[in-house]
Amino acid sequence: MIRKSITVALMGTSVLLAGCVSLLPENTPATVYRLSTPEPSGELRNEAVIVGVQRPLTPRALSGAQIALSQQRGELVFAEGAEWITPVPRLVQDLIVESMDAFEPSLIASRPEDGVRAEFELATELRSFEANYLNGPDAAPTAVVRIRSRLIRMSDRRLIAVEAIGAQAVARSPRIGDIVAAFDAASQEAAADVAQWTAEQVAQHHDADHEH
């Protein structure tokens with residue numbers, strides 16, 4: 001079950017430069033795109049709980065830096081001359097970490113390479129990260145982000161909660177800049193929901209553990 005899936009009609013400006021989407025490969029330099037970074041809250045409680053955020057498990061087709069486009073029959077192709085600033089799994093991991101820092105002061109997010117001992121581990125699986133042409137190749141596509149989240153208590157490696165979270169955003173036009181803006185909106189919403197869900201589960205289980 002997707003916890004939240006809201007379609008957003010984007011009326012703002014696109015992220016970085018806009019250009020037409022082409023499905024034909026050419027040896028042209030790629031324009032590099034990034035997702036927006038939420039502003040950190042600057043708040044930190046002394047009792048904040050450390051959560052290790054793993055890099056998402058990702059289907060091989062979505063594991064690179066290419067911007068994925070899904071056509072009507074389900075075929076995945078990639079936008080010509082455009083790519084993400086980093087491979088998609090790292091892109092999503094970074095956004096979840098940044099969302100925890102910005103919106104959930106009860107948590108401290110860490111990555112495995114930080115070498116920090118975490119009380120909980122957030123393991124995720126990226127089910128969708130693509131622009132879906134639901135209404136044909138000439139219509140504006142819908143960016144779809146779906147994440148399956150699992151929260152693990154590190155003291156006994158017990159799986160304590162599982163949730164499917166998703167978000168959608170409709171691009172203003174089929175141009176690549178507007179598609180990236182739709183990805184940005186859907187990704188921000190999904191990552192914020194993952195961070196909120198994690199905080200709720202940590203609060204419930206962390207408090208229960210300390211009562212015994």
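**Confidence comes before detail**

Author: Let's start with pLDDT, the predictor's confidence in each residue, from 0 to 100. Over residues 1-20, pLDDT stays under 50, and the model has 62 contacts for them beyond four places in sequence; contact means heavy atoms within 4.5 Å. Where pLDDT is low, the predicted coordinates should not be read in detail.

Reader: What is the mean pLDDT of the protein chain?

Author: The mean is 86, and 82% of the residues reach 70 or more. This is a predicted model, where local features need pLDDT of at least 70 and side-chain atom pairs count only at pLDDT 80 or more, while totals for chains, interfaces and linings use all residues. Numbering runs from 1 along each chain as its sequence is written, and side-chain values use heavy atoms, with hydrogens and water left out.

Reader: How many helices and strands does the protein chain have?

Author: Helices (H or I, at least four residues) and strands (E, at least two) are DSSP runs, numbered from the N terminus. The protein chain has two helices and eight strands, in the order β-β-β-β-α-β-β-β-β-α from the N terminus on.

Reader: And is helix α1 buried or exposed?

Author: Buried means under 20% relative accessible area, exposed over 50%, and partly exposed in between (1.4 Å probe, protein chains only). In α1, twelve of the 16 residues are buried, so the helix is largely enclosed by the rest of the structure. Among those buried residues are V88, L91, D94 and M100. Across the protein chain, buried residues make up 47% of the 212 residues.

Reader: Which residues touch the most other members of the largest nonpolar core?

Author: A nonpolar core is a set of buried Ala, Val, Leu, Ile, Met, Phe, Trp, Tyr and Cys residues joined through side-chain atoms within 4.5 Å. The largest one here has 51 residues, and I67, W84, M100 and F129 touch the most other members. Helix α2 (residues 176-211) brings the largest share of this core, 13 residues. Take W84: leaving out residues up to four places away in sequence, its contacts include I67, L91, F129 and F183.

Reader: Some of those are aromatic. How many aromatic pairs are there?

Author: Rings of Phe, Tyr and Trp (its six-membered ring) pair if their centres lie within 6.5 Å; planes under 30 degrees apart count as stacked, over 60 as edge-to-face and the rest as tilted. That rule gives three aromatic pairs. F129 and F183 make a tilted one, at 5.1 Å centre to centre with 35° between the planes. This pair links distant parts of the chain, with F129 in strand β6 and F183 in helix α2, 54 residues apart. F129 counts as buried because its relative accessibility is 2%, and F183 because its value is 0%. Ring pairs also link W84, F129 and F183 into a cluster.

Reader: Where in the fold is I152, and what does I152 touch?

Author: I152 is in strand β7 (residues 142-153), and its relative accessible area of 8% is why I152 is buried. Not counting residues up to four places away in sequence, I152 touches E119, F120, E121, A123, R157, R158 and L159.

Reader: What about N132, buried or exposed?

Author: N132 counts as buried, at 18% relative accessibility. This residue lies in strand β6 (residues 120-132) and touches S70, P141, T142 and V144, again not counting residues up to four places away in sequence.
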